[in-house]
Amino acid sequence: MKKQLFLYLAIFLFFTACKKNETQPADKAINEKVNELYAHYGKSNEAVYNQPISGDLFSKDLKKVLEDAIHASKADIERVKNSDHPDEKPLIFEGAMFSSLYEGYTSYKIKSVTTHDKRAEALVEFEYNIATPKVTWTDTLHLINTEKGWRIDNISFDKIGNSKDLKTRLTEFVKGTQQ
């Protein structure tokens, strides 16, 4: 009886250990995507205007929403430039696009990564310490696992922000350019 119990326990521990090893590569890949986002697009919106949106970083859905918003912004810039009042301010992306706080962040840290089949959430803690008092907040990046790897699908913003999430913010921006 003890041998049988020991055998079942050994099998259980074996499969549990294998399962932990499976999630580590996913966590690493997700961490790389989060770091790529904030290294490439985090500090300035210029990268969004001056380079194609990466299909390797963003999901097809988020990539399309980003491209629609950029196209709407560029069209409004041209509209204002060619109008009777070219000194008016066109609708452009202002503030940190991929963060809750308008001013952006001075540092960030990935707090945790949770995977559920083909979906994942990465909690990212930010700090902005240029002003007093310093501000800290946590945004949640939502990722999906595609046939080509993990892609960022949306960002849920902390309550300090003025939008619920990135897709909503971009969709509202596009609607604002059409009014």
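Biologist: Which residues of α3 are buried?
Modeller: In this predicted model, the buried residues of α3 are Leu62, Val65, Leu66, Ala69, Ile70, Ala72, Ser73, Asp76 and Val80.

Biologist: How do you know they're on the same side of α3?
Modeller: Look down the helix axis: they cover an arc of only 155° around it, so they fall on the same side of α3. As a rule, an α-helix has 3.6 residues a turn, so residues three or four places apart point the same way.

Biologist: And what does the face turned away from the buried side carry?
Modeller: That face of α3 carries the exposed residues Lys60 and His71. The buried residues of α3, for their part, pack against α2, β4 and α4.

Biologist: What makes you call the reach of α3 close to the expected one?
Modeller: α3 has 22 residues, and at 1.5 Å a residue the expected value is 32 Å. From its first C-alpha to its last, α3 reaches 31 Å, which is close to that.

Biologist: Why is serine 99 called buried?
Modeller: The cut-off for buried is under 20% relative accessible area. Serine 99 comes out at 0%, so it is buried. You'll find serine 99 in the loop between α3 and β1. Leaving out residues up to four places away in sequence, serine 99 touches Trp137, Asp139, Phe157 and Arg169.

Biologist: Which residues touch the most other members of the largest nonpolar core?
Modeller: Leu37, Tyr38, Tyr41, Phe58, Phe98 and Leu141 do, out of 38 residues in that core. Elements giving two or more residues to this core include α1 (2-40), β2 (119-128) and α4 (166-177). The largest share comes from α3, with 6 residues. In soluble globular proteins, nonpolar side chains tend to be buried together.

Biologist: What is tyrosine 41 in contact with, leaving aside neighbours within four places in sequence?
Modeller: Tyrosine 41 is in contact with Glu36, Ala47, Val48, Pro52, Ile53, Ser54, Leu57, Phe58 and Phe98.

Terms used:
Residues are numbered from 1 along each chain as its sequence is written. This is a predicted model: local features need pLDDT of at least 70, side-chain atom pairs count only at pLDDT 80 or more; totals for chains, interfaces and linings use all residues. Side-chain values use heavy atoms; hydrogens and water are left out. A nonpolar core is a set of buried Ala, Val, Leu, Ile, Met, Phe, Trp, Tyr and Cys residues joined through side-chain atoms within 4.5 Å. Buried means under 20% relative accessible area, exposed over 50%, partly exposed in between (1.4 Å probe, protein chains only). Helices (H or I, at least four residues) and strands (E, at least two) are DSSP runs, numbered from the N terminus. Contact means heavy atoms within 4.5 Å. The expected span of a helix is 1.5 Å times one less than its number of residues. The arc is that of the directions from the helix axis to the C-beta atoms.
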